Structure formats: C-alpha cells, structure tokens
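Me: I would like to learn how to read a few features of a model. Please give me the general idea each time, and then the case at hand.

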Amino acid sequence: MELKNVVPWGRSLAEYRSMFSLTDSDLKKKILGCGDGPASFNAEMTAAAGQVVSVDPVYAFSGFQIRSRIAEVYPTIMEQLARHRDDYVWDHFSGVEHAGRTRMQAMERFLEDYEAGRQQGRYVEAGLPALPFENQAFELALCSHFLFLYSAQVNLETHVASVRELCRVAREVRIYPLVSLEGTESPHLGPVVERLNAEGIAARREAVHYRFQKGATDMLVLYKA
Ligand SMILES: C[S@@+](CC[C@H](N)C(=O)[O-])C[C@H]1O[C@@H](n2cnc3c(N)ncnc32)[C@H](O)[C@@H]1O
C-alpha cells in the first residue's frame, strides 16, 4: 500500500453502534475492527474500558504520514460529497460541512490515540484475506465500509476468502454496508453467502438504524452454524 493511494476517512463509535446495532453487552465483548483505518471506534472504546483491536494495512504508516494524507485528500472528498449529495440521506448530518466536521473530529480522536495504541498492540498492520490472529481470538469482528462497498475493486474470490478469514478469527462477524459504491446491492453478496453456507457458516441479513449512503440499510451477520 502506498500513501498516495490511501484515502483516509473515519467514523465514530456512535456511528459504529448504529451501523452494527451494537448493544451495551456487545460492547463488552473482545472485538476486532477490521479495516478501521482512522475511525475513532478503537480510541473511544478504549477510553470506555472496551477491548478492541483494529487491523488495517494503513497502520504501516506513522501518525504524521496519516495526518498529512488526511489534510491532502480532505478538500477532494468534501468536493465529491457535495457533488454526489443526492446519493446520501441527510437525516443525521445537516449537510456536507457537518458530515466533514464530524469525520474530522473522529479522525483527530484516532490520531491522538494512534501511537499509544500501536505500542499497546491495538492497531495492527495487516489486511484481509490473511489476519495474524489465532482461531476465534475475538468474540465479534466488525467490518465497516470495506467488504461489499469496494465490489468493483475487490473480486469475489477475495471477498469469500476475507469473510471466511473473519469467521476464523471471530465467533460472530458483522459487515456493513451491503451495497457497493454505486449504491446498489453488491454482486458478491449472494455468492459469498452461498459459498460460506456450504462451509457451515450461517448468515443473516439484518436492518440497522444507520442511514447515510442511500440503499445502505442492512448489515450481514455471520457465525458458525
Ligand atoms: C472507507 S475506509 C473505512 C474506515 C472505517 N472502517 C470506517 O468505517 O470509518 C476503508 C478502510 O479499509 C482499509 N483496507 C483496505 N484494504 C484492506 C484490506 N485488505 N484489509 C482490511 N482493510 C483494508 C483501508 O485502509 C481503509 O482504512
């Protein structure tokens, strides 16, 4: 992964709660955040005595490098968000500025925590489809805005291998959203569920309260049947 190809954009604990329907009892579990990038989920959970490990290839970079890359790409992301504003539901955020400010606050929170978290082993550099964790090391794995969203960039075989790997390292896996960047259901969703079902992994689709990208209304929940 090269820094020039990284587009850092991170969500907050409140957004993770809503995207994954996380209950207070879920938040007490040992959780893997896969593809967390500069989200503040880990930082906020750690401050609240939670147990979260985040894994992402972007953790190859220093906080300084990630911070500079955020500053570099932020204007472009804001411009794209404004241009495609009709692809989003503006219930939670009052507008593009509000969404941008909220994301920046989350990423700032991540950056404040990053170096300490790296030393404590809470930010691990690795990426799907191969994770450096023991079988069932986590009670719950969450994957936000990576699998299914990048369906055009990540092929079906990598999706299958990635979901299988998440099910190896965690007892339960939740993935959100199930739509691709185009806003329509990922073409990989059906085949992934079918292939994993055949391997003894149960999957169910569940509606969530989170609303931002149009069509992104559901998460996928997977566990060993
Ligand atoms: C759109 S961001 C989402 C960040 C965070 N999950 C959130 O919702 O705010 C996608 C993340 O996926 C990460 N990523 C890219 N390739 C990956 C891989 N092979 N395995 C795990 N994460 C990956 C990126 O580095 C980036 O941080």
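Reply: Gladly! Let us start with Gln 136, which lies in the loop between β3 and β4; helices (H or I, at least four residues) and strands (E, at least two) are DSSP runs numbered from the N terminus. This is a predicted model, in which local features need pLDDT of at least 70 and side-chain atom pairs count only at pLDDT 80 or more, while totals for chains, interfaces and linings use all residues. Residues are numbered from 1 along each chain as its sequence is written, and side-chain values use heavy atoms, leaving out hydrogens and water.

Me: What is the phi of Gln 136?

Reply: Most residues other than glycine have a negative phi. Gln 136 has a positive one, near 55°. This residue is partly exposed, with a relative accessible area of 33%; buried means under 20%, exposed over 50%, and partly exposed in between (1.4 Å probe, protein chains only).

Me: Phe 148 has a positive phi too. Is Phe 148 buried or exposed?

Reply: Phe 148 is buried, at 0% relative accessibility. Its phi is about 70°, although it is not a glycine, and you will find it in the loop between β4 and α5 (156-169).

Me: Next, peptide bonds. Which residues does a cis bond join, with omega about 15°?

Reply: Most peptide bonds are trans. Here a cis bond joins Leu 128 and Pro 129, and Pro 129 sits in the loop between β3 (123-124) and β4 (138-144). Another cis bond, with omega about -5°, joins Tyr 176 and Pro 177. Pro 177 belongs to the loop between β5 (170-176) and α6 (189-198).

Me: Which residues does Ser 162 touch, beyond those up to four places away in sequence?

Reply: Contact means heavy atoms within 4.5 Å. By that reading, Ser 162 touches Leu 128 and Pro 129, along with Leu 147. Ser 162 is part of helix α5 and counts as buried at 1% relative accessibility.

Me: What does the side chain of Ser 162 reach at 2.6 Å?

Reply: That is the backbone oxygen of Thr 158. A polar contact is a pair of N or O atoms within 3.5 Å; within protein, one must be able to donate a hydrogen and the other to accept it, and residues adjacent in sequence count only if both atoms are side-chain atoms.

Me: How many residues surround the ligand?

Reply: There are 18, and the closest are Arg 11, Gly 35, Asp 56, Leu 128 and Ser 144; to be near, a residue needs a heavy atom within 4 Å. Leu 128 has a backbone N or O atom 2.8 Å from a ligand nitrogen, and Gly 35 places a backbone N or O atom 2.7 Å from a ligand nitrogen. Asp 56 has a polar side-chain atom 2.6 Å from an oxygen of the ligand. The protein covers 88% of the 600 Å² of accessible area that the ligand has on its own (Shrake-Rupley method, 1.4 Å probe).

Me: Last one: where does Trp 9 lie?

Reply: Trp 9 lies in the segment before α1 (13-19). With a relative accessible area of 21%, it is partly exposed. Leaving aside neighbours within four places in sequence, its contacts include Pro 38, Tyr 74, Gly 100 and Met 107. Trp 9 and Val 96, 87 residues apart in sequence, are 14 Å apart in space, C-alpha to C-alpha.
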